[in-house]
Amino acid sequence: MSEAKVQTGPLVDPYGSTRDDCAVIALKQVTREYAGHGSVVRALGDATFSIVAGEWVAITGPSGSGKSTLVNLIGCLDRPTSGELKIDNVDVASMSATELDRFRADKIGFIFQQFHLIPYLSALENVMLAQYFHSMTDEAEARAALERVGLDKRVSHLPSELSGGEQQRVCIARALINNPPVLLADEPTGNLDAANQTIVAELLQDLHRNGHTIVMVTHDPEMAGLAQRRIALSHGKVFCHPVGGPMVTLRR
Amino acid sequence: MATLSLLGMLRRSLVHRRARSIAALVAMTVSAGVATALLTLYADLDAKLHKEFRSFGANVVITAPANTALQTDALVRVREAAGPDVLAAEFGYAVSTTDTGTPVVVAGTDFSAVRRLDSWWQVDHWPEDGATDAVLLGQRAAQFVGNERSVGLTYAGHAVTLRGVGRVKTGGEEDSRIYMPLAAFTAWTGVGPSVIELQIPGNSARIEATMARLRQDLPEAQVQAVRQLVEGESKIVDRTHALMFGAVLLIALTVAVSVLATLSASVLERRRDFALMKALGGSQTQLMGMFLLEALVLALAGVVAGFVVGSAAAWVISEGNFHTSTLPHLSVLPLVLLLNVAIAALAALFPVRVLRGLQPAALLKGE
């Protein structure tokens, strides 16, 4: 196994006085409850924190801790039961489903653990699909996005003709194509082998260096260590968010 | 140059899920095919059934008052009143005695007219046109003559010898009669035609209207419908219409269930694709639009294929049952289209509900 040192992006003081002003994601007393069989299940309770532009935050916690609920809320796939949730200074809690669809296309770039590429569309078309639902397709931009993730020679390949790492890079290119202020990565390396994990991690670091805000859910301590800050969840509660961001050594 | 259009995605999606697409297309084709076949037959049904009923013989009978004959121009007036497509034959009747001394009813008529009017009669050999001494012997009447080749008949003291050329068998009173040419009959008996049998084509309304005109133009005669035939025809036509409508609806419902199952499976299979599209910002309207467009394309393709298959089926059925071909009826196309689109819309209701309740977050997590 070889080792490579990767520099994380510029650190931002998460507790600085100007934090709320430049927050791209801000939660205040956010609670999400689901109706169960005769009872109410609180998946997330009174979550309050903010993430500033350009920050890379890792969300960690065991299964059932509320990670998915938090990601759904930040990803505008769900709305809080109570509290205030602002993305790019817009309160999404009161948005209608249609408004939320539009907002999601503008503000969030998703990177999924299982890639979720449309099997009958080429790599290029999968990237263009995000453009299609956002505004209009632009092949040159989509090609550039694939070139950025090192897939300029694989644009016309179907997902079934790509390796797992390549599929994840297509997924990243798709997440980037509309220049969203937030990249939301849910276990981005969870389905990859070690070599591809490193490639994807380096890609995320590169994006962070270029000023992208990344919110990443991960079980992998090594990946979590790449982030500047970690938000840990347990039983639906945010219980710590230590400042991170040391020099990280990635094991290949 | 790569482009990404809605129709392009739809085409790729349909090709990617070939088996499912073909199953849905077959279901829609069956629906359109059955509807086309039945509606095409339905469109021709009246004409075909009326034609069938025409072969059963007269449906209207005009009779002179008792012991009198019809006026000599009666047949001409009937043709004028009833129209050129009406089949008519005159009959004169007399009771004569055979050479064995048995009384028998002799009918004078125009054989060529009877042959067209009563095509259902079983005749082993019709008298040749123009022959004045040729007779047709009823199956029972033949037993009362001594020699079928030389039939001796006497009426009011006037004897004639006629040539039996064939037998007629109907199972009715015709079996007890001897038929001879009308001119020879009148010359021999001095009795003119007292009955005109008519086959009026068309539905019961036309028959009733024609009868009204005949009553007006021939006030001296009695104009009567052969009730069992006219009413039977009307009932059978109505019932066949109802049966065919019922069959179309039943088959449409059955196909709708099949299409529903196929479309539902199609949506359930692609829940993650739709969830992804939703996560990428696809609105509920866009996703439902994509799905409904797919159902619509399948319905339209089904109409095109079904119209061809259904028209061919109607032709085969028509040939087999009515011995006439039925050409494709473009007029049924809008109805078939409407039916298939309705089936697709009905079958898409459940899948659309699935789409509405889609939870991208859970699906994309693989839950």
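Biologist: In the hairpin of β6(B) and β7(B), which residue takes a positive phi?
Modeller: That's B:Ala156, with a phi near 50°, in a hairpin that has 2 residues between the strands. Keep in mind that this is a predicted model, where local features need pLDDT of at least 70, side-chain atom pairs count only at pLDDT 80 or more, and totals for chains, interfaces and linings use all residues. Residues are numbered from 1 along each chain as its sequence is written, while chains are lettered from A and ligands numbered from 1 in the order in which they are written.

Biologist: How many bridges join β6(B) and β7(B)?
Modeller: They pair in the antiparallel sense over 5 bridges. Pairing takes at least two bridges found by DSSP, and strands are DSSP runs (E, at least two residues), as helices are (H or I, at least four), numbered from the N terminus.

Biologist: And what about β2(B) and β6(B)?
Modeller: Those two are antiparallel over 2 bridges. B:Thr98 has B:Leu153 in β6(B) as its bridge partner.

Biologist: Switching to helix α5 of chain B, which residues are buried?
Modeller: In α5(B), residues 182-189, they are B:Leu182, B:Phe185, B:Trp188 and B:Thr189. Buried means 20 or more other C-beta atoms within 10 Å of the residue's own, against 12 or fewer for exposed and in between for partly exposed, with C-beta atoms placed from the backbone.

Biologist: Why do they line one face of the helix?
Modeller: Seen down the axis of α5(B), they fall within an arc of 130°, so they share one face. The arc is taken from the directions from the helix axis to the C-beta atoms. An α-helix has 3.6 residues a turn, so residues three or four places apart point the same way.

Biologist: What do they pack against?
Modeller: The buried residues of α5(B) pack against β2, β3, β6, β7 and β8 of chain B. After the helix comes B:Gly190, with a positive phi near 75°.

Biologist: How confident is the predictor in chain A?
Modeller: The mean pLDDT, the predictor's confidence in each residue from 0 to 100, is 84 for chain A, and 87% of its residues reach 70 or more. Over residues 1-18 of chain A, though, the pLDDT is below 50. Where pLDDT is low, the predicted coordinates should not be read in detail.

Technical notes: Two residues are in contact if their C-beta atoms, placed from the backbone, lie within 7 Å.
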